[in-house]
Amino acid sequence: MTKQLLRSAATALLIFVGPVDAEENAPMTYPDTRQTDTAEVHFGVTVRDPFRWLENDPRQDAEVARWIEAQNALSAPYLESLPGRDVFERRLKAMFDHETTTPPIERNGRYFFERKGGLDAQQRLLMRVGTDGASRILIDPNTWAEDGTVALAEWAVSADGALVAFARQDAGSDWRTIRVVDTSTGAVLDDAVEWARFTSIAWHPDGTGFYYSRYPEPEAGAAFGAGVDGHAVYFHRIGSSQSEDRLVHAPTPGRALLHTADVTPDGRYLIVYTSALTGGVAVTVTDLSSADAAPKRLVESYDDRWHLLGNLGTKLFFATQKDAPRGRVVTIDLSDAQPGFSELIPERPDAVLREGGSALLGDRLLLSYTIDVQSQLERYRLDGTLDGTVPLPGPGSTALVRGRPGENEAFFAFTSYDAPLTVLRYEVDANRTEVWAEPEIAIDLDTIVVEPHFYTSKDGTRVPLFIVRRKDVDGPAPTMLHAYGGFGISMIPHFSPAAMAWVEQGGVYAVANIRGGGEYGQAWHHAGRRADKQNVFDDFIAAGEHLIDQGITPSDGLAIHGESNGGLLIGAVINQRPHLFAAALPGVGVLDMLRYDRFTGGATWVEEFGSPSREEEFHTLLSYSPLHTIREGARYPAVLVTTADTDNRVVPAHSFKYAAALQVAEIGNRPHLLRVETRAGHGAGKPTDMVIQEFADMWAFAARWTGLDVAASD
């Protein structure tokens, strides 16, 4: 498509005709869903659970399988027939049809990076010799399955660049199989490691094997619903059987903890992070240069974030939120008789240190700070003194810093709401960046404007909000509001082809940086978890009110979208303020807050949500649990619940039970549909075409109920 045609497609003027009155539509006829008299008494409260049978695995329960088929048989034709769905599908394909490259990892002159070309189902792993050498495909997951549902997950390169250990993810499952490829020949070795889950991969410096995390092998037929007890770190020696793998870090009896391994850039130390998913980790270190070195626990508590930035010999540099909710840098010298942490760079009152975007590179510390959710990269000398900033292409965010101490070359990614992922090569000594890989996008980004806003939540808290729209859209327009609000995860600016497809049609795309995330550090996270979870919902509701009050969104033109913990958010707020929203899209959501901890990985979320088995926390969970707080008699927005049949992180039973409860409730005539994807999981590893089809359905559904008039593009 020519640039002129792209500009025409991006700037065509649309007419906002307003949403269709829901009461003019006859109520939808839903599939019959059997209800039982199942109920339990918790702390004097009787809780009915008539759809508990939908928790059964559809692979083993024919009734559940038939119910899913009936739900898809209702939702699929409805979604396919929506006005503009074909336009969204076509434009989403155009938006996704660009090359995406990740920052490379250099080992012994060889550069390894992922690249996804156009509409490929999955990203490939490529290798080149030298930064400007010819690239060749090392691993191509697109050849692994006809339907494209087997993906490349975690991978790591040995220190000499000779071997890559890589994990395969089948149909979106959290389970992994780890294999090893010879980078010179492309041959896959006989080594196979099964039952890895929630794992990293880290090579021993001598290249003889790697560290990984796994669970005990589940009983036959029980893998999908397997719990999270027994997570441990093992060492696999190349050429040996998995049965010979050595236990490195044992599971903690009675606690649902996750353990992941890393090795310092020089190969000297093994670092094991232990997480209770509280937003923090404990840290254990082992000196790999000593044959009989015992592991040392450097950090006992799971309450604070810790992240290794690098090391110089026995001196380790960490970013942490310990005694610094917005983050600071500390060091520890393991050669000291009694090693202890010393502050190197103190906490800043105006910025949050993002440990994942920071590293020790060359002879400088590169620290990624966020100021009101936008990145600033700063350089520090190793004595902690500031040495300027790193030039960036514009407002946005940085991630995936890759480089090593003592080396002048590094790479990192930059992106924003109006800037696709770009890889920058960084020369540490000269403090100079240059573009290493940059995609071309099928939309004229000069027609897009990104506006940072702030609004006031119910309790007076000031919350950031980003607005993305076309420059020529200056009046109220149907709006898609997105947020997450949990686990200390920050919603930093990033490019979304799906968001661009909505904006291109004249809609507004908004992202609220609500509490529960990490945008303002540990305190921001803690203000939105456990007993304070209602702050998350209040922040999101206030964002919707702000959009309408400021004339950005019409009064019945607000759609909302969130996934996982964000799906919980959507389910909770539509129960609390159903009239505020025209359409809602809860995806792979945690929706039954009284039983979430009984499914697969749910036990690891107790520190975030609280436990249903503790009385005070039970009452808090019951007060907002989407499944249990549906308001009979209220007019609800149109709701499209999305999930996937092989999601073993947030099991689809959450969505099944919630959709069934919506469909039997007296909550108005707008549709309340369930869309179940097959051979897909929680999101990671989903083939591109599957992503496009899902967004085309969701966006067309939201457009129908917010009044967004979708125009055919040239």
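Me: How far is arginine 348 from the ring centre of tyrosine 369?
Reply: This is a predicted model. In it, arginine 348 lies over the face of tyrosine 369. Its distance from the ring centre is 4.7 Å.

Me: Over which ring does the charged end of arginine 168 sit?
Reply: A charge counts as over a ring if CZ of Arg is within 6 Å of the ring centre and within 35 degrees of the ring normal. The charged end of arginine 168 is placed 4.4 Å from a ring centre. That ring belongs to tryptophan 144.

Me: How many aromatic pairs does the structure hold?
Reply: A pair of aromatic rings is described by the distance of the centres and the angle of the planes. Rings pair if their centres lie within 6.5 Å. The number of aromatic pairs in the structure is 29.

Me: Why is the pair of phenylalanine 43 and phenylalanine 618 called tilted?
Reply: Planes under 30 degrees apart count as stacked and over 60 as edge-to-face, with the rest tilted. The two ring centres, of phenylalanine 43 and phenylalanine 618, are 5.5 Å apart. The pair is tilted because the planes lie at 55 degrees.

Me: How many residues apart in sequence are the parts that phenylalanine 43 and phenylalanine 618 tie together?
Reply: Phenylalanine 43 lies in the loop between strand 1 (39–42) and strand 2 (45–48). Phenylalanine 618 belongs to helix 9 (residues 615–624). The pair therefore ties together parts whose separation in sequence, in residues, is 575.

Me: Is phenylalanine 618 buried or exposed?
Reply: Buried means under 20% relative accessible area. Phenylalanine 43 has 36% relative accessibility, so it counts as partly exposed. Phenylalanine 618 has a relative accessible area of 1%, so it is buried.

Me: What is the angle between the ring planes of phenylalanine 318 and phenylalanine 341?
Reply: The centres of these rings, of phenylalanine 318 and phenylalanine 341, are 6.0 Å apart. The pair is edge-to-face. That class applies because planes over 60 degrees apart count as edge-to-face, and here the angle is 80 degrees.

Me: Which strand holds phenylalanine 318?
Reply: Phenylalanine 341 lies in the loop between strand 22 (328–333) and strand 23 (342–345), and is 23 residues from phenylalanine 318 in sequence. Phenylalanine 341 is partly exposed at 32%, whereas phenylalanine 318 is buried at 0%. Phenylalanine 318 lies in strand 21.

Me: Which residues do ring pairs link into a cluster with Trp502?
Reply: Trp502 is one of the buried residues of helix 4. Ring pairs link Trp502 into a cluster.

Me: Which residue takes a positive phi just after helix 4?
Reply: Most residues other than glycine have a negative phi. Just after helix 4, phi is about 95 degrees. The residue is glycine 506.

Me: What is the phi of asparagine 431?
Reply: Asparagine 431 is found in the loop between strand 30 (419–427) and strand 31 (432–437). It is partly exposed, with a relative accessible area of 22%. Asparagine 431 is not a glycine, yet its phi is positive, at about 50 degrees.

Me: Which backbone oxygen does the side chain of asparagine 535 reach?
Reply: Asparagine 535 is found in helix 6 (residues 534–549) and counts as buried at 18%. Leaving aside neighbours within four places in sequence, its contacts are Asp459, Arg515 and Ala527. At 2.8 Å, its side chain reaches the backbone oxygen of alanine 527.

Me: Which side chain does a polar contact join to that of glutamate 55?
Reply: Glutamate 55 lies in the loop between strand 2 and helix 2 (62–80). Not counting residues up to four places away in sequence, it touches Asp49, Asp592 and Arg595, among others. The polar contact is 2.8 Å and its partner is arginine 595.

Me: What is the volume of the largest cavity?
Reply: The count comes to two cavities of 30 Å³ or more. Residues lining the largest cavity include Asp49, Asp592 and Arg595. Its volume is about 60 Å³.

Note on methods. Residues numbered from 1 in each chain as written. Predicted model: local features only at pLDDT ≥ 70, side-chain atom pairs only at ≥ 80, totals over all residues. Heavy atoms only, no water. Helix = DSSP H or I, 4+ residues; strand = E, 2+ residues; numbered from the N terminus. Buried < 20%, exposed > 50% of the residue type's maximum accessible area, 1.4 Å probe, protein only. Polar contact = N/O pair within 3.5 Å; in protein donor to acceptor, adjacent residues only side chain to side chain. Contact = heavy atoms within 4.5 Å. 1 Å grid on protein atoms, 1.4 Å probe; cavity = no way out; pocket = protein on both sides within 12 Å on 5 of 7 lines; lining within 4 Å. Points joined across faces, edges and corners; volume = space filled by probe spheres on them.
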